[in-house]
Amino acid sequence: MADVPNDAPEHCPGTSSDQAGKSSACQGCPNQNICASGAAKAPDPAIEEIRQKLTSVKHKILVLSGKGGVGKSTFSAHLSHALASDDSKEIALLDVDICGPSIPKIMGLEGEQVHQSGSGWSPVYVEDNLAVMSIGFLLSSPDDAVIWRGPKKNGMIKQFLRDVDWGEVDYLIVDTPPGTSDEHLSIVQYLSGAGIDGAVIITTPQEVSLQDVRKEIRFCKKVKIPVIGVIENMSGFVCPKCKNTSQIFPPTTGGAQRMCEELNLPLLGRVPLDPRIGRSCDEGRSFLTEVPDSPAAVAYQNIVQKIRDYSSSHSTPDDPC
Amino acid sequence: MDSSEKGSLAQVKHVVLVLSGKGGVGKSTITTELALALVHAGKKVGILDVDLCGPSIPRMLSVGKPEVHQCDAGWVPVYADPQQKLAIMSIGFLLEDSDEAVIWRGPKKTALIGQFVSDVAWGELDILLVDTPPGTSDEHLAVLENLRKHRVDGAVLVTTPQAVSTGDVRREITFCKKTAVKILGIVENMSGFVCPHCSECSNVFSKGGGEELAKLTGSVFLGSVPLDPLLTATLEEGRDFLQAFPESSTYTAISQIVNTVLSSLDA
């Protein structure tokens, strides 16, 4: 049963809560007897189905922030491109931002549709070894709005994990929306059987960003996801004319560096603001191939290498290697 | 409609939502600057911050960690100024530890937003601005459902120039159309950066997308706000940018946007 069923009353404690069926809010709920008997607390069978489905996936990495607009999708897309530059690796990119799916555009896959076969939904391939899934592929128009409450978003995420035919995959990268809500809880819950290698946290230098990112890091601790490290994006802008650096998003409280020191987390790297990144994303091209010698591209490649190193030295509980 | 049905919003003249589909485009920044500009123009303003996972408003207005009190009419909002011209409600005030994550699913978020709308004693306000998180989900539906008894004048949509942003904002426009929220106009934020050293303008996040989106969707283009490190820095410090830098082009841009919004409310 869903954590909060559609017919639950306003202050439903949740079907997996100790108070399920017993709290005053449960009076009159059609599910009260089921909850009180403990039957609703049984784990969602989808978790085991997903565990089995993803045994062919070696590494699962979440890309998180607490803050919107810091570059999660940009990083997820380019991490995927960088990992896929090794032809011997199979890479999968899953976009669970249900309301604002940016991945199709950034990967140059706008307008693509998803096909169903006997073995499930086929993801969209941008390269032979790079597969992508997003709700963007299920929408028929760029104006379509996905106006869904939490439970419906959770159902979609479950389908993405259980019903997509990913095949043999070395890295599954999961791009998330900002926040610490339904999408994040669902990803963690549905992957609880299959295991998550870790999370990469993206921030920008200023405190308005860091204050949300600290919450995301707390979330990771609470749900026991290891934090691979933090990336400080939009970290300074070098004027193309006079070459002076401006801190457009100033690190008034010490930026990601100080936060990482305080929280004892690795700072994976800093990526400068580069207008060519935004342009590449809008055009659906990888800026790692467009401007490979740019400081931003070099920073990205260094960060990707650290993630590769982390993945090869850590394994999830079900990972045979 | 009598005032008892309108409840705590009975004396609120106008309600304006600040929306985007996209995160990080400057909704909270624009909400804050609109609020300050309106206060400077002599209005009584309220800000309802319904971003429960990432509440940015308290820091931007330097209101620290005040206690939220109850009175007969409900929760007392927090005032950003001694003259009580700017009232705020945010989950940020209810968290003991500001690093505490609010890890709630939709229904719990919906319930708190209901309380924020109905149980806060806003009193007499010229405008209530509602700052929202990105997306088209529980928070947005909760706000509209709870405001159903009160008129929502419309929404200001914020975007940055690039297509990845306008792509999400198009979906937000559809949300507004489906929920019968009038679009007061589109603001293009982070619209160009003028280097303080050599005055070269760089289009860090591309150019023109906001204006194109307005044309494409038949919406009013309210104006562009440049990428201004002084604006970011004053928000970090919770200072009033409009008082600190009244000569800046950013100030001019924001003032023009405010004037256009005010005229559309009075029309």
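Which residues form one aromatic cluster with Phe75(A)? Phe287(A) and Tyr300(A) do.

## Basis of the model

This is a predicted model: local features need pLDDT of at least 70, side-chain atom pairs count only at pLDDT 80 or more, and totals for chains, interfaces and linings use all residues. Residues are numbered from 1 along each chain as its sequence is written, chains are lettered from A and ligands numbered from 1 in written order, and side-chain values use heavy atoms, without hydrogens and water.

## Aromatic cluster

Over all chains, the structure holds 6 aromatic pairs. Rings of Phe, Tyr and Trp (its six-membered ring) pair if their centres lie within 6.5 Å; planes under 30 degrees apart are stacked, over 60 edge-to-face, and the rest tilted. Phe75(A) and Tyr300(A) make a tilted pair, 5.4 Å centre to centre with 50° between the planes. This pair links distant parts of the chain. Phe75(A) sits in helix α3 (residues 72–84), Tyr300(A) in helix α11 (residues 295–313), and 225 residues separate them. Helices (H or I, at least four residues) and strands (E, at least two) are DSSP runs, numbered from the N terminus.

Phe287(A) also pairs with Tyr300(A). Their ring centres are 5.1 Å apart and their planes stand at 80°, so the pair is edge-to-face. Phe287(A) belongs to helix α10 (residues 287–290), 13 residues from Tyr300(A). Buried means under 20% relative accessible area, exposed over 50%, and partly exposed in between (1.4 Å probe, protein chains only). Phe75(A) is buried at 1%. Tyr300(A) is buried at 2%. Phe287(A) is buried too.

## Negative surface patch

Asp86(A), Asp87(A), Glu90(A), Glu127(A), Asp128(A) and Glu168(A) gather in a patch of negative charge on the surface. Patch residues have over 30% relative accessible area and no salt bridge, with like charges joined within 9 Å. A salt bridge is a side-chain nitrogen of Lys or Arg within 4 Å of a carboxyl oxygen of Asp or Glu.

One of the patch residues is Glu90(A). Glu90(A) lies in the loop between α3 and β2 (91–95). Its relative accessibility is 30%, so Glu90(A) counts as partly exposed.

## Positive phi in two loops

Most residues other than glycine have a negative phi. Lys224(A), not a glycine, has a positive phi of about 60°. Lys224(A) is in the loop between α7 (207–222) and β9 (227–232). It is exposed, at 72% relative accessibility.

Asn264(A) is not a glycine either, and has a positive phi of about 55°. The loop between α8 (255–263) and β12 (267–270) holds Asn264(A). At 70% relative accessibility, Asn264(A) is exposed.

Note on methods:
Patch = residues over 30% accessible without salt bridge, like charges linked within 9 Å, V, L, I, M, F, W, Y side chains within 5 Å. Areas by Shrake-Rupley, 256 points an atom, 1.4 Å probe, with all protein chains shown as cover. Lys, Arg positive; Asp, Glu negative; His and termini not counted. Charge placed at Lys NZ, Arg CZ, Asp CG, Glu CD.
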